Amino acid sequence: MAQSATDAPPDGLEGFVADWSSDQRAFKNVPWGKAMMWIFLLSDTFIFSCFLLSYMTVRSSTKVDWPNTSEVFGLDVGGVSVPLLLIAIMTFILISSSGTMAMAVNAGYARKRKLTAALLVVTALLGASFVGMQAFEWTKLIHEGVRPWGNPMGAPQFGSSFFMITGFHGFHVSVGVLFLFIVAFKVARGDYDLGRKGFFTSRPGNYGIVESLGLYWHFVDLVWVFIFAFFYLW
Amino acid sequence: MAQASTQKLEGQTHPIKTYLVVWLWLFVLSAGSYMVDYMQFQGYLRWSLILTFMMLKAGLIVAVFMHMKWERLALSYAILLPPLLVLVFVAIMVFESDYTLLTRVLYFATGTPEAAGE
């Protein structure tokens, strides 16, 4: 498992072939947890791709006009309707949480225990506020009569696409918030400094877990980039 | 077994400044894509701007925040190449939805059964 410093694997394309044809492990320099997180995220990519694809299909095959998302998701601020205001705020919140998450990963590898835990908590709170705004948005639309089978603004497929895509994304954010709090607690307790054994794994964890969690969180932000572009702006 | 605290971690560390610069850029690009809607750009200009901002943001997140830029090619290719196949799926569904729309236009033109020739 250990790679001695003298025979470091080659880089570039040569390294690609060498890594994949080696009989130990293909993903050198990557902890197994991180490799598995990447593979999970790849499968998740396909799930969200299918949602966005089915949205594309129903939207481009309907004869009825698609609702104007700019107006549907607009907010009244002092009597002036600002288009997509809530969605813009949600976008900035999610990007900020991605920033604090990146800092947390960095602090974790620098073994700054308290800073890591604090940044993870900040990330979780930003994520929670995102979910809160999404709940507000759902409530608003449901009050306006948007249902999975129809709505007063236009094509009936709008509702099913909206609830399915944003619902699945919101679920991902919610799970992420939960895990952020759990890992923040474990970091704060010093689990990864003391080598305390995990509840499920019965093995000591390390700060690599913060990076795997970070990958998941950035992925949630990444999916939002695509939802924002295709569903809200298109 | 080595203690977790003394174990060598195979993690990556990069200067904080890198993250801050990318963070700032993500804000700028998000503001840009929001402005596309705020300024009410339409047509090809709107779509190309949306896609450009989207790809730039996605690229920055994957490359820097998710550290893909610094990974070995064995991992990068395994993760980044398969999603490209989604584009094939997109092409298939474009044809499919075009066909569905065509049949709807032909047979449900006015929304009455008489008009559909029944």
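Colleague: How do you know that the span of α8(A) agrees with its 26 residues?

Modeller: At 1.5 Å a residue, α8(A) should span 38 Å. The expected span is 1.5 Å times one less than the number of residues. The end C-alpha atoms of α8(A) are 36 Å apart, which agrees. A helix here is a DSSP run of H or I, at least four residues; a strand is a run of E, at least two; both are numbered from the N terminus.

Colleague: What kind of model is this, and what does it count?

Modeller: It is a predicted model: local features need pLDDT of at least 70, side-chain atom pairs count only at pLDDT 80 or more, and totals for chains, interfaces and linings use all residues. Residues are numbered from 1 along each chain as its sequence is written, while chains are lettered from A and ligands numbered from 1 in the order in which they are written.

Colleague: Where is the kink in α8(A) centred?

Modeller: On Ile227(A), with a kink of about 30°. The bend is the angle between axes fitted to the seven residues ending at a residue and the seven starting there.

Colleague: What makes α8(A) largely enclosed?

Modeller: Of its 26 residues, 24 are buried, so the rest of the structure largely encloses α8(A). Buried means 20 or more other C-beta atoms within 10 Å of a residue's own, exposed means 12 or fewer, and partly exposed is in between, with C-beta atoms placed from the backbone.

Colleague: Why is Ser202(A) called exposed?

Modeller: Ser202(A) has 7 other C-beta atoms within 10 Å, so it falls in the exposed class. Ser202(A) lies in the loop between α7 (191-194) and α8 of chain A. Its phi is near 60°, a positive value in a residue other than glycine.

Colleague: Why are Arg111(A) and Ala118(A) called partly exposed?

Modeller: Arg111(A) has 13 C-beta neighbours inside 10 Å, so it counts as partly exposed. Ala118(A) has 18, so it also counts as partly exposed. Arg111(A) sits in the loop between α4 and α5 of chain A, whereas Ala118(A) lies in helix α5.

Colleague: What makes a nonpolar core, and how many residues has the largest one?

Modeller: A core is a set of buried Ala, Val, Leu, Ile, Met, Phe, Trp, Tyr and Cys residues joined through C-beta atoms within 7 Å. The largest has 75 residues. Among those with the most contacts inside it are Val210(A) and Phe228(A). Its largest share, 18 residues, comes from α8(A).

Colleague: Which residues does Phe228(A) touch?

Modeller: Ile87(A), Thr91(A) and Leu233(A), not counting residues up to four places away in sequence. Contact means that two C-beta atoms, placed from the backbone, lie within 7 Å.

Colleague: How many residues of chain B are in contact with chain A?

Modeller: There are 45, and they meet 54 residues of chain A. α1(B) gives the most to that side of chain B, with 11 residues. By class, the side has 30 nonpolar, 9 polar and 6 charged residues. Nonpolar covers Ala, Val, Leu, Ile, Met, Phe, Trp, Tyr, Cys and Pro; charged covers Asp, Glu, Lys and Arg; the others, Gly among them, are polar.

Colleague: What is the secondary structure of chain B?

Modeller: It comes to 4 helices and 0 strands. Chain B has 118 residues, and 20% of them are buried.
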